[in-house]
Amino acid sequence: MPGAKKVPETEFPQEPAMNKTCLALAAVAALVATPLASAQNAAGDLVMRARVVHLDPANKDSIPGLDVGINSKVLPEVDFTYFISPNLAAELILTYPQKQDVKAGGTKVGTLKHLPPTLTLQYHFTDLGLGAIKPYVGAGLNYTRFSNVDLPAGLSIDKNSFGGALQIGTDFAIDKNWSVNLDVKKVWIRTDLSAAGTTLGKIKVDPVLVGVGVGYKF
């Protein structure tokens with residue numbers, strides 16, 4: 001048509017180029033999704049985690065006027081989680097004997113060590129559509145063994161404690177094997193304080209443990 005301006009073909013998207021772009025985007029999406037899909041846990045999987053944990057004791061007692069408790073502490077923790085199914089898992093939580101200060105009325109009066117292995121049964125939420133984020137809750141039993149107890153003359157404690165444990169946490173999958181973990185536990189640890197063989201009352205340590213760490217799935 002006379003006087004009409006011809007539009008260069010390069011100003012319009014070419015269909016082959018669009019197809020290549022779509023294919024490239026689809027390939028990237030597949031590469032991103034594959035590790036997350038393969039990171040899903042299955043029956044028989046074993047996950048080992050290493051955590052740094054902050055122990056914050058409740059420090060309550062039934063002994064009028066003494067206000068007995070232990071200090072807060074940062075400690076290492078290792079756990080082994082065995083998956084019974086994609087949703088159910090058993091976790092064994094371990095550390096080495098931890099030395100703590102014993103205080104009465106805010107003043108240090110002695111020291112002790114405690115070894116607190118804990119076993120929990122967990123439920124892992126797999127159908128929330130959160131991708132790499134894998135939350136869980138757990139409940140179980142704690143056994144604490146007190147040793148190397150150094151208290152003022154005449155005072156002693158029961159060296160064995162059994163109590164419940166509650167847990168909530170989440171794993172963030174990095175790939176099919178590695179993950180980052182955030183975990184919070186409430187553990188009931190209690191012991192009787194005695195003087196010359198007479199029970200004075202119960203010390204309730206009952207700590208909250210907040211941990212962060214990394215995990216590896218075998």
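1. In this predicted model, the side chains of Glu91 and Arg51 meet in a salt bridge, with an N to O distance of 3.6 Å. Glu91 belongs to strand β5 and Arg51 to strand β1, so the pair ties together parts that lie 40 residues apart in sequence. Both Glu91 and Arg51 are buried.

2. Glu91 also forms a salt bridge with Arg49, and here the closest N and O atoms are 2.9 Å apart. Because Arg49 lies in strand β1 and Glu91 in strand β5 (residues 88–94), this pair ties together parts that are 42 residues apart in sequence. Arg49, like Glu91, is buried.

3. A further salt bridge joins Arg190 to Asp206, with 2.9 Å between the closest N and O atoms. This pair links distant parts of the chain, since Arg190 sits in strand β13 (residues 190–195) while Asp206 sits in the loop between β14 (198–204) and β15 (208–217), 16 residues apart. Arg190 counts as partly exposed, at 34% relative accessibility, whereas Asp206, at 6%, counts as buried.

4. Salt bridges that share partners join Arg49, Arg51, Glu77, Asp79, Glu91, Asp171, Asp183 and Lys185 into one network. Across the whole structure, the search finds 13 salt bridges.

5. Turning to the nonpolar side chains, the largest nonpolar core has 18 residues, of which Ile157, Leu193 and Ile203 touch the most other members. The elements that give two or more residues to this core are β1 (46–56) and β3 (68–70). Leaving aside neighbours within four places in sequence, Ile157 is in contact with Leu112, Phe146, Val149, Leu151, Thr191, Asp192, Leu193 and Ile203.

Key:
Residues are numbered from 1 along each chain as its sequence is written. This is a predicted model: local features need pLDDT of at least 70, side-chain atom pairs count only at pLDDT 80 or more; totals for chains, interfaces and linings use all residues. Side-chain values use heavy atoms; hydrogens and water are left out. A nonpolar core is a set of buried Ala, Val, Leu, Ile, Met, Phe, Trp, Tyr and Cys residues joined through side-chain atoms within 4.5 Å. Buried means under 20% relative accessible area, exposed over 50%, partly exposed in between (1.4 Å probe, protein chains only). Helices (H or I, at least four residues) and strands (E, at least two) are DSSP runs, numbered from the N terminus. Contact means heavy atoms within 4.5 Å. A salt bridge is a side-chain nitrogen of Lys or Arg within 4 Å of a carboxyl oxygen of Asp or Glu.
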